[in-house]
Structure formats: structure tokens, C-alpha cells
Amino acid sequence: AYELRECDWSSVFFFKQKTAYEIKECDWSSDVCSSDLLFSEHLKLPNIHLFIANRIYRPGYISLHTALAFYGLIPEAAAETTSVTTLKTAHFTNPMGNFSYQRIREPLFFGYEQLTFHETQRVLIATPEKALTDLLYLYPFYDNTVELAALRLDVEVLAETLNLETVQRHLQKIGSRALGKRMKLLVKHYL
């Protein structure tokens, strides 16, 4: 089980397309499920930024550095909430944070799971294996031990978490020899 951490947000915003609209308390809707409104009591929920990221730009799922930090694979929190999408690459900044979306081809949009966020709300997040695969796919500069060492992956957590058979299935599905070489180098460096 993965532990969700507390976040403290002081603003409430409604997200539609690429624009963030501030909503005054008197304008709040009563139904979080059917709208993109976030209530003040929800802003203190653990990992609210993950839920917000899933709602700003869809389809998408949390991946890359944010997912690696969520699973404890990297020691620091990500400076921005990173996701992958089949839409254009996009970046959003608002008082709740920085949100980055990297485009992947539609056949590569897999390897994520739904985690319960709050009661019936769900957050889509890459599995640890897919977060690493997405990272090496989207950032090909991780092709040497110096760059891989800079990731500072936690060796113990990686050994406990990473299913190498799942990684191999992802690599076969993607079919990129260069990606396979980068993953092999990562595994050799850390495991």
C-alpha cells in the first residue's frame, strides 16, 4: 500500500481547458463528482495535486518524476506534477502548482492504475514499471551512467517494487531497441 502525503492549498480554482478560473465560495457547486470544482475541505486531502493533474488535461495519467516520488523511488518531491497524455505537450501554472503533460503516442498509453483518492474519486497513476519506462522513453538523455546516477533511485525500494517481467512486457509492447538499451543500463546500474 502506498501512503498519501498531506498537502495544503489555499486557493480554489475551476479548471476548464487551458484556463483556470477562480471560484468564490458563494459560487461553489455541491457536486465534486460531476464537475471540476474542488472544495476547501478537499484542498487539504493527501495528494490533491495528483487529483487536480488528472482533471486539468485529459486523457492523462500521473507518471515520470511525480510517480517515481509517489512510490518512493526518488528521494525528493517533484518540482512540478508530471503526467503523460495523448494530447499535445502542455504546461499549466496556477496557485496550486505547476503541472506538466508530456505527449506519448496512443499505443503507449497503458501501464497505469486507478488509486482511490477520496471516497469514490480516482487518480490515474503509472505503475512503477511504466513510470520508469515513460521516463526513459520521453527523456532519451538517460542513456549513460552519469545521467542515470543523477536520478538517485532508491536501490532498496527499486528492488522491492520493480517487476522486471512487467518491464520486459512493456518494452516488447513499445518495440524500441534504444529504449531497451536505456532500461538495461538502468537495471545494471541500480540492481
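Predicted model: local features only at pLDDT ≥ 70, side-chain atom pairs only at ≥ 80, totals over all residues.

Student: OK. How many helices and strands are in the chain?
Tutor: The chain has seven helices and eight strands. Both are DSSP runs numbered from the N terminus: helices are H or I with at least four residues, strands are E with at least two.

Student: And what share of the residues count as buried?
Tutor: Of the 191 residues of the chain, 50% do. Buried means under 20% relative accessible area, exposed means over 50%, and partly exposed is in between, using a 1.4 Å probe and protein chains only.

Student: What about the core, which residues touch the most other members?
Tutor: In the largest nonpolar core, which has 52 residues, those are Leu132, Leu151, Leu153, Met183 and Leu186. Helix α1 (residues 48-56) gives the largest share of this core, six residues. A nonpolar core here is a set of buried Ala, Val, Leu, Ile, Met, Phe, Trp, Tyr and Cys residues joined through side-chain atoms within 4.5 Å.

Student: Why would nonpolar side chains be buried together?
Tutor: I can only give you the general pattern: in soluble globular proteins, nonpolar side chains tend to be buried together.

Student: Let's zoom in. What is leucine 132 in contact with?
Tutor: Leaving aside neighbours within four places in sequence, leucine 132 is in contact with Leu68, Leu153, Leu158, Leu162, Met183 and Leu186. Contact means heavy atoms within 4.5 Å.

Student: Switching topic: how many salt bridges does the structure hold?
Tutor: Two. A salt bridge is a side-chain nitrogen of Lys or Arg within 4 Å of a carboxyl oxygen of Asp or Glu. One of them joins arginine 152 and glutamate 76, with the closest N and O atoms 2.6 Å apart. That pair links distant parts of the chain, 76 residues apart: arginine 152 is in the loop between α4 (145-151) and α5 (155-161), and glutamate 76 is in the loop between α2 and β4 (81-85).

Student: Why does arginine 152 count as partly exposed?
Tutor: Because arginine 152 has 46% relative accessibility. Glutamate 76 is partly exposed too, with a relative accessible area of 34%. Another thing about arginine 152 is that its phi is near 55°, a positive value in a residue other than glycine.

Student: And the other bridge?
Tutor: There the side chains of aspartate 134 and lysine 130 meet, 2.4 Å from N to O. Both lie in helix α3, four residues apart, about one turn of the helix.

Student: Are aspartate 134 and lysine 130 buried or exposed?
Tutor: Both are buried. Aspartate 134 counts as buried because its relative accessibility is 2%.

Student: What else does aspartate 134 touch?
Tutor: Not counting residues up to four places away in sequence, aspartate 134 touches Tyr61, Ser63, Leu64, Val84 and Ala126. With tyrosine 61, the side chains are joined by a polar contact of 3.0 Å. A polar contact is a pair of N or O atoms within 3.5 Å; within protein, one must be able to donate a hydrogen and the other to accept it, and residues adjacent in sequence count only if both atoms are side-chain atoms.

Student: You mentioned Leu64. Where is leucine 64 placed?
Tutor: Leucine 64 is in helix α2. Its phi is near 55°, a positive value in a residue other than glycine. Leucine 64 is also buried, with a relative accessible area of 0%.

Student: Last one: which residues does the cis peptide bond join?
Tutor: Arginine 58 and proline 59, with omega about 5°. Proline 59 is in the loop between α1 and β3 (60-62).

Definitions and conventions:
Residues numbered from 1 in each chain as written. Heavy atoms only, no water.
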